[in-house]
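Here are my notes for your first read-through. Keep the model open and find each residue as you go.

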Amino acid sequence: MNGPPVDVAIVGGGPAGAAAALTLLGHGRGVLVLEQSRYAPPRFGETVAPPAEPLLRRLDAWTSVSPDMLPCGGVDSAWHADDLVERDTLWVPGGLGWHVERARWDEALIRLAERRGAMLVTGCRVTGVSVVAGGGWRVHAGGTTWHARFLVDATGRRAELARRVGGHPRSAGSEVALAGRWSGAPDRETRLLVEATPGGWWYLAPTPTHRVACLVSDSEALRELRPPPLAWRRELARTRHVRERAPAAAPALRGVRVEWRWLEPCAGTGWLAVGDAASTRDILSGGGMVAALQSGISGAETAEQYLRGAADALSRHVTRERRRFLAHVRQSAAWQLGHRWPAAGYWERRTRAAEAVIRHLEGTAGSS
Ligand SMILES: Cc1cc2nc3c(=O)[nH]c(=O)nc-3n(C[C@H](O)[C@H](O)[C@H](O)COP(=O)(O)OP(=O)(O)OC[C@H]3O[C@@H](n4cnc5c(N)ncnc54)[C@H](O)[C@@H]3O)c2cc1C
């Protein structure tokens, strides 16, 4: 079966895909978004950083998503020392961000694109793409094939499509995130808590409907602590602050492997990758969603220029994404300087991974 032809097919309906769709719709483009999920299972990433607001306003999306965002009441962190350092919204311009129920938030943004005219197909996993002689793509999902002039890979950190059309994933080490989730809206506690331990670090965040305590570590550090629920509980017991604030009941646990990963190149003839598909952010930065919105917007502007005949726009996208990623990794590496356990295996591997990315990107900077 054939779907109707479109200007741009966006594969993946996370924040990057939604931002790209809204931007292209603003240019009057015919947009198709194919999303494998139905936004039912919970998603990782509960805190939206303040720079999201101007980006969402630029997309005219702020009023659609903000009612479901719980203002972050402050950040308590035990990072450079054992005791908590408290930061309150009063003193930070733009506040400290918002907590969201991610699956719901992602769906609200993509449904806005649908209301503005995007063709959205959920529950639709794209399994292949092929080049059309003379230009454009065939995009295959289930029994249906769509034709698009341009392809945007917004599939997140696996960059599923880009790697089939010429993007090479690079990686420098990986981490594991294990999140416990309790249902029930927080009553008064809307603060974010971050705590480092020798074997990793934790965040405890409320969402509008849940509380989440997430351990970020790596498989080497957790090797002795299998299975995952045991590892999570043992590491929780090593915290000072998270264990005090986390609910006592056993939570539902989910895990995910997260790589320091980026794509080379992140664009080629007739396609580009945005968001995590182009490069993943350090979870600690709490900036993955902002980066995804930013990349989705600028990637869509690039696609628009390309469709109008500016073929060199694609190489500018590659340069811009690489520059942003390098700045991010430098910032992430700096944040680890002077850390309390420089010789602990996890922190050493994390620092080495960041340094390897920086060395590689500095070595290749200017080659595109
Ligand atoms: C444990 C953890 C905690 C995090 N915490 C935060 C945080 O607090 N704040 C923050 O800003 N960021 C956080 N992040 C990072 C943030 O979640 C990501 O950077 C962000 O989701 C990237 O958005 P994206 O749209 O590029 O990709 P994604 O959000 O991953 O979206 C990709 C979409 O593509 C779909 N898809 C994938 N393959 C296919 C396919 N073949 N066909 C069709 N659809 C497909 C997926 O279902 C998904 O909807 C966290 C990440 C992790 C792992």
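1. Start with a term. A nonpolar core is a set of buried Ala, Val, Leu, Ile, Met, Phe, Trp, Tyr and Cys residues joined through side-chain atoms within 4.5 Å. Keep in mind that this is a predicted model.

2. Now apply the term. The largest nonpolar core has 71 residues. Which of them touch the most other members? They are Ile-10, Leu-56, Trp-105, Leu-109, Val-139 and Leu-151. As background, nonpolar side chains in soluble globular proteins tend to be buried together.

3. Take Leu-151 as a worked case. Leave out residues up to four places away in sequence, and Leu-151 touches Ala-9, Val-11, Val-129, Trp-137, Val-139, Leu-161, Gly-270, Trp-271 and Leu-272.

4. Next, the ligand. How many residues surround the ligand? The count is 34. The closest are Glu-35, Thr-47, Arg-102, Asp-276 and Met-289. Select these five in your viewer before you go on.

5. Look at the oxygen atoms of the ligand. One oxygen atom lies 3.2 Å from a polar backbone atom of Pro-15. A backbone N or O atom of Ala-16 is 2.9 Å from a ligand oxygen. Arg-102 uses its side chain instead: an N or O atom there sits 2.9 Å from an oxygen atom of the ligand. On its own, the ligand has 1000 Å² of accessible area, and the protein covers 92% of that.

6. Which elements give two or more residues to the shell around the ligand? They are helix 1 (15-26), strand 16 (252-264) and helix 8 (288-307). Helix 8 gives the most, with three residues.

7. Asp-106 deserves a look. Asp-106 sits in helix 4, which spans residues 102-115. Is this residue buried or exposed? Asp-106 counts as buried, because its relative accessibility is 0%. Beyond its neighbours within four places in sequence, Asp-106 is in contact with Gly-13, Gly-14, Pro-15, Tyr-39 and Arg-43.

8. Compare Glu-321, in helix 9 (residues 313-336). Glu-321 has 4% relative accessibility, so this residue counts as buried. Its contacts, apart from neighbours within four places in sequence, are Cys-266, Ala-278, Ser-295 and Ser-298. Glu-321 and Ala-353 are 32 residues apart in sequence, and their C-alpha atoms are 19 Å apart in space.

9. Three of them form an open sheet in the order 3-7-4, with antiparallel pairing. Strand 3 (47-48) and strand 4 (70-71) are the edge strands, and each pairs on one side only. Strand 4 and strand 7 (residues 98-99) pair over two bridges. There, Leu-70 has His-99 in strand 7 as its bridge partner.

10. Last, a hairpin. Strand 5 (residues 74-78) and strand 6 (residues 85-88) pair in the antiparallel sense over four bridges. Which residue in strand 6 is the bridge partner of Ser-77? It is Val-85. The hairpin joins strand 5 to strand 6 through six residues.

Terms used. Residues are numbered from 1 along each chain as its sequence is written. This is a predicted model: local features need pLDDT of at least 70, side-chain atom pairs count only at pLDDT 80 or more; totals for chains, interfaces and linings use all residues. Side-chain values use heavy atoms; hydrogens and water are left out. Buried means under 20% relative accessible area, exposed over 50%, partly exposed in between (1.4 Å probe, protein chains only). Contact means heavy atoms within 4.5 Å. Two strands pair if DSSP finds at least two bridges between them. A residue is near a molecule or strand if one of its heavy atoms lies within 4 Å of it. A polar contact is a pair of N or O atoms within 3.5 Å; within protein, one must be able to donate a hydrogen and the other to accept it, and residues adjacent in sequence count only if both atoms are side-chain atoms. Accessible areas come from the Shrake-Rupley method with a 1.4 Å probe; for residues, only the protein chains shown count as cover.
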